[in-house]
Protein chains: 2
Amino acid sequence: MQLDEAKEKFIQAWGALGSNWGINRTMAQVHALLLISPESLSADEIMETLNISRGNANMNLRALIDWGLVSKEHRAGERREYFFAEKDIWQVAQQVIIERRKRELKPVMKVLEEVKEISGDKDDQNVKAFIESVENLHNIVGQADKFLEIAIKADRGWFFGALLKMFQRQVKK
Amino acid sequence: MQLDEAKEKFIQAWGALGSNWGINRTMAQVHALLLISPESLSADEIMETLNISRGNANMNLRALIDWGLVSKEHRAGERREYFFAEKDIWQVAQQVIIERRKRELKPVMKVLEEVKEISGDKDDQNVKAFIESVENLHNIVGQADKFLEIAIKADRGWFFGALLKMFQRQVKK
DNA sequence: TCGTACTTTCAGTCATTTTTGAAATACCTT
DNA sequence: AAGGTATTTCAAAAATGACTGAAAGTACGA
């Protein structure tokens with residue numbers, strides 16, 4: 001496979017993955033393109049490569065900057081801005097966790113806490129089942145949340161080292 | 001808050017969460033409804049509660065069964081089928097991990113492995129940058145994949161116990 | 001075998017989200 | 001401050017994805 005073909009394939013795959021996880025396809029593609037570009041790119045180069053409009057490129061670049069995954073670069077003596085992605089994938093992962101935790105996990109936990117506190121006959125089967133489900137969910141989401149908090153703070157080596165130990169212990173059992 | 005209001009709120013929140021993570025809103029809502037129902041429900045009850053069509057209810061119920069999150073029940077002397085959700089949230093989480101790993105993580109890993117093997121001048125900056133990015137990504141996705149594999153096999157107590165230990169060790173540092 | 005009750009399918013419609021294109025704005029240079 | 005270039009915004013168009021409704025399919029009991 002040639003480089004261009006491989007790039008194309010990678011960008012497509014990354015876009016598809018993104019759209020399966022609630023991230024707009026183009027945003028994921030722009031990110032993929034910047035990830036594999038050794039130099040920063042101008043908006044025009046991105047438009048050209050991905051065949052998208054200026055407005056679309058601009059919107060998604062801003063969204064990526066908002067997510068903390070892409071930065072602007074001003075080159076001396078040039079008007080035009082250049083964009084580049086954070087290349088350390090562990091950092092990218094952490095950044096994504098931070099944003100999604102803030103945007104989605106936190107609001108859901110809030111709702112779970114609210115609905116746990118319903119008034120009503122605690123002997124009613126419906127009430128009992130509801131509260132039990134919600135509490136279980138709240139526990140597990142809470143534990144997942146704690147875990148992600150660790151992941152955000154951890155450095156990559158420590159984090160995967162610790163997971164590896166978990167794994168080995170389990171295998172021995 | 002009354003039970004009905006709380007149920008409604010929970011169903012809405014679960015639907016919104018799902019749609020942010022690439023799971024269709026109605027499917028998540030049907031799942032939420034079944035999660036908090038102590039008794040199994042017929043298709044008609046689900047249609048009625050969520051205000052959706054028969055076709056929609058049927059399609060999403062089948063999808064949930066396909067994901068292993070919901071089962072059918074035949075009641076003696078009754079033609080109609082009743083549906084109920086797996087209530088153990090840890091099992092639900094494991095099931096979701098199994099499916100998404102199969103549907104999304106595996107295909108992406110396959111693409112990453114393919115595009116790593118490009119032909120071309122290894123001294124070319126573009127080739128080098130590309131291979132490096134892809135390899136990094138492949139590593140981290142691979143490690144995440146391994147971790148999820150552990151999670152699938154683990155029982156809840158052991159799993160979160162082990163994570164808790166990780167956490168404590170990190171805090172001490 | 002027929003009629004009934006229920007389930008499944010899928011083409012067409014509808015709703016939502018994404019993308020475009022063009023206008024407005026900002027910024028630099030002379 | 002005028003003219004040129006780059007960026008941002010946003011209403012409308014296009015694309016995507018979800019939902020409906022009607023028809024076909026299936027299972028059951030009489």
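Analyst: Two residues count as being in contact here if their C-beta atoms, placed from the backbone, lie within 7 Å. The model is a predicted one, and on that definition the contact takes 48 residues from chain A and 48 residues from chain B. On the side of chain B that touches chain A, at least two residues come from each of helix H1 (3-20), helix H5 (89-116), helix H6 (125-153) and helix H7 (156-172) of chain B. Of these, H6(B) gives the most, with 14 residues. Sorted by class, this side of chain B has 31 nonpolar residues, eleven polar and six charged.

The two chains can also be compared as copies. Chain B is superposed on chain A by a rotation of 180 degrees with 0.0 Å of shift along its axis, at an RMSD of 0.1 Å. The two copies are therefore related as by a two-fold rotation axis. Of the interface residues of chain B, 100% are also interface residues in chain A, so the copies meet through the same surface.

Both chains also take part in the surroundings of the DNA. DNA strand C is surrounded by 19 residues, the closest being A:Ser53, A:Gly55, A:Asn56, B:Gly55 and B:Glu81. Helix H2 (25-35) and helix H4 (54-66) of chain A, together with helix H4 (54-66) of chain B, each supply at least two residues of the surface near DNA strand C, and H4(B) gives the most to this surface, with five residues. The residues of that surface divide into eight charged, seven polar and four nonpolar.

By class, the surface near DNA strand D has eight polar, seven charged and four nonpolar residues.

Helix H2 of chain B leads on to the sheet of that chain. This helix, residues 25-35, lies across E1, E2 and E3 of chain B and runs at about 90 degrees to E3(B). The three strands form an open antiparallel sheet in the order E1-E3-E2, with strand E1 (41-42) and strand E2 (70-74) of chain B as the edge strands, each pairing on one side only. Between E1(B) and strand E3 (residues 81-85) of chain B, the antiparallel pairing runs over two bridges, where B:Leu41 stands opposite B:Phe83 and B:Ser42 stands opposite B:Tyr82. E2(B) and E3(B) likewise pair in the antiparallel sense, over five bridges, and B:Ser71 has B:Phe84 in E3(B) as its bridge partner. These two strands, E2(B) and E3(B), form a hairpin with six residues between them, and B:Gly77 in the turn has a positive phi of about 75 degrees.

Note on methods:
Residues numbered from 1 in each chain as written. Chains lettered and ligands numbered in written order. Predicted model: local features only at pLDDT ≥ 70, side-chain atom pairs only at ≥ 80, totals over all residues. Pairing = 2+ DSSP bridges. Helix = DSSP H or I, 4+ residues; strand = E, 2+ residues; numbered from the N terminus. Axes fitted to C-alpha atoms, helices over the stretch in contact; angles between N-to-C directions. Near = placed C-beta within 6 Å. Nonpolar A, V, L, I, M, F, W, Y, C, P; charged D, E, K, R; others polar. Least-squares fit on C-alpha atoms with pLDDT ≥ 70 in both.
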